[in-house]
Amino acid sequence: MTEAFVYDAIRTPFGKFGGGLAGVRPDDLAAHVVRAIVGRAPGLTAEALEGTDGKHSAVDEVIFGNANGAGEENRNVARMATLLAGLPTSIPGTTVNRLCGSSLDAAMIASRQIAVGDADVVLVGGVESMSRAPWVRPKTEKPYPAGDMKLSSTTLGWRLVNPNMPSEWTVSLGEATEQLRERHAIGRDRQDLFAARSHNLSDKAWNEGFYDELVVPVPGTDLTRDEGIRPGSSAEKLAGLKTVFRPDNGDRSGSTKGGTVTAGNASPLSDGASAVLLGSEAAAGTLGLEPIARIAGRGAAANEPQFFGFAPVEAANRALAKAGITWDQVGAVELNEAFAAQSLACLDAWKVDPEIVNQHGGAIAMGHPLGASGGRILGTLARSLQRSGERWGVAAICIGVGQGLAVVLENVAAAK
């Protein structure tokens with residue numbers, strides 16, 4: 001089969017909920033990264049995009065992830081972004097919804113298309129505007145209701161729940177994380193230390209220019225870097241925040257039912273978009289770019305919905321097995337930090353050196369715009385391997401309703 005490679009990756013700065021990107025429609029955010037990444041590939045000229053026969057573009061397809069789909073990103077945001085970006089109408093597009101894992105799933109789907117010869121170049125990515133997610137109201141079973149009607153927010157988590165779902169599956173994401181950290185005895189102190197590290201490494205990476213090549217500001221906004229980063233964060237400062245999902249009983253060990261999850265050790269609601277150019281080895285000539293990393297393994301896993309935060313463990317193990325390597329060969333890990341507690345549970349299970357994980361910061365600091373985060377961790381991992389010279393890396397993400405995805409990348413330069 002044909003190998004699939006990462007050729008380039010970009011994203012917008014991630015904005016806070018109601019912050020610097022809240023005034024931008026999600027389909028416009030998606031169109032921006034599509035337009036920007038195409039513009040960075042010398043071979044993707046107007047002629048190449050149109051195709052020599054006017055039918056077959058150099059870009060075979062656009063695949064985007066999005067977790068909402070109920071608002072301005074409705075009706076297939078991948079196709080809308082392609083059209084809004086000014087790409088030829090002949091380029092098809094499809095949208096994937098695997099919640100938080102949507103854009104990583106888009107990359108996995110594209111890599112399979114390349115592997116079997118159905119495509120040579122696929123532009124993948126994801127977008128989410130949690131700020132602009134609409135409220136929804138279901139239609140009534142009978143006409144002319146006399147009582148009040150309830151609106152449901154589509155920003156995050158369960159809504160319009162099927163009554164046949166067991167109640168233990170449909171607890172809030174925060175309560176589910178409390179249950180997971182209780183099972184694995186992960187205390188508040190460890191979570192706050194992990195969260196502070198995320199903020200400080202994110203700030204350090206930005207100050208050192210790591211994200212200069214990865215991030216493309218959105219025209220018409222003032223946001224030039226991730227909006228949620230708190231430089232100088234410390235566990236001591238974070239310890240002063242109140243717990244959100246359970247009362248704090250003062251226990252710091254994680255061995256009791258007291259609350260530990262706060263706004264400081266969880267990823268914030270965010271807005272943003274990401275894009276990644278994938279292609280075969282032969283696509284280098286088409287794109288005018290050299291490949292950065294090879295997609296060496298893919299993995300998907302699932303478990304009980306309330307323990308969604310632990311699902312990346314098995315997903316990554318499966319991806320490593322597909323790549324034919326083991327954890328002791330991995331030099332970099334990009335794990336999306338939905339919550340500090342679930343991230344720590346995964347690291348403990350993998351028994352990896354925590355210093356190789358999220359070396360340039362993570363979602364607790366930078367934000368987690370659901371549909372865009374998979375593209376962020378994949379692009380960050382590819383550039384991290386390129387910079388460090390390490391050969392192998394893992395990108396992994398947990399997904400609501402009990403799923404996880406992972407991709408193993410091989411640094412092309414290190415493999416030679």
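Tutor: Let's start with a salt bridge: a side-chain nitrogen of Lys or Arg within 4 Å of a carboxyl oxygen of Asp or Glu. One thing before we use it: this is a predicted model, where local features need pLDDT of at least 70 and side-chain atom pairs count only at pLDDT 80 or more, while totals for chains, interfaces and linings use all residues. Residues are numbered from 1 along each chain as its sequence is written, and side-chain values use heavy atoms, with hydrogens and water left out.

Student: What makes Asp8 and Arg383 a salt bridge?

Tutor: Their closest N and O atoms are 2.9 Å apart, and the cut-off is 4 Å, so the pair qualifies. Asp8 sits in strand S1 (residues 5-11) and Arg383 in helix H12 (residues 373-388), 375 residues apart, which links distant parts of the chain. Helices (H or I, at least four residues) and strands (E, at least two) are DSSP runs, numbered from the N terminus.

Student: Are Asp8 and Arg383 buried or exposed?

Tutor: Both are buried, meaning under 20% relative accessible area; exposed is over 50%, and partly exposed is in between (1.4 Å probe, protein chains only).

Student: Why do Arg98 and Asp105 end up in separate classes?

Tutor: Arg98 has 23% relative accessibility, so it counts as partly exposed. Asp105 has 7%, so it is buried. Their side chains meet in a salt bridge, 2.9 Å from N to O.

Student: What does the pair Asp348 and Arg190 tie together?

Tutor: Their side chains form a salt bridge at 3.0 Å, N to O. Asp348 belongs to helix H10 (residues 340-350) and Arg190 to helix H6 (residues 188-207), so the pair ties together parts that are 158 residues apart in sequence. Asp348 is at 36% relative accessibility, hence partly exposed, and Arg190, with a relative accessible area of 36%, is partly exposed too. Elsewhere, salt bridges that share partners join Glu3, Arg294, Arg391 and Glu410 into one network.

Student: How many salt bridges does the structure hold?

Tutor: It holds 20.

Student: Which residues touch the most other members of the largest nonpolar core?

Tutor: Leu104, Val124, Tyr211, Leu278, Leu378 and Leu409, out of 44 residues in that core. A nonpolar core is a set of buried Ala, Val, Leu, Ile, Met, Phe, Trp, Tyr and Cys residues joined through side-chain atoms within 4.5 Å. Helix H4 (residues 102-115) supplies the largest share, six residues. There is also a second, separate core of 40 residues, including Phe64, Val77, Ala284 and Val412. In soluble globular proteins, nonpolar side chains tend to be buried together.

Student: What is Leu104 in contact with?

Tutor: Leaving aside neighbours within four places in sequence, the partners of Leu104 include Gly374, Ile377, Leu378, Ile397 and Leu405. Contact here means heavy atoms within 4.5 Å.

Student: Which helices do the buried residues of H5 pack against?

Tutor: They pack against H6 and H10. The buried residues of H5 are Gly174, Glu175, Ala176, Thr177, Glu178, Leu180 and Arg181. After H5 comes Ala185, with a positive phi near 50°.

Student: Where is Val401, and why is it called partly exposed?

Tutor: Val401 is in the loop between strand S11 (392-399) and strand S12 (403-411). At 37% relative accessibility, Val401 counts as partly exposed. Its phi is also positive, about 70°, though it is not a glycine.

Student: Why does Ser234 count as buried?

Tutor: Ser234 has 18% relative accessibility, and buried is under 20%, so it qualifies. Ser234 is found in the loop between H6 and helix H7 (235-238). Its C-alpha atom is separated by 19 Å from that of Val244, ten residues apart along the chain.
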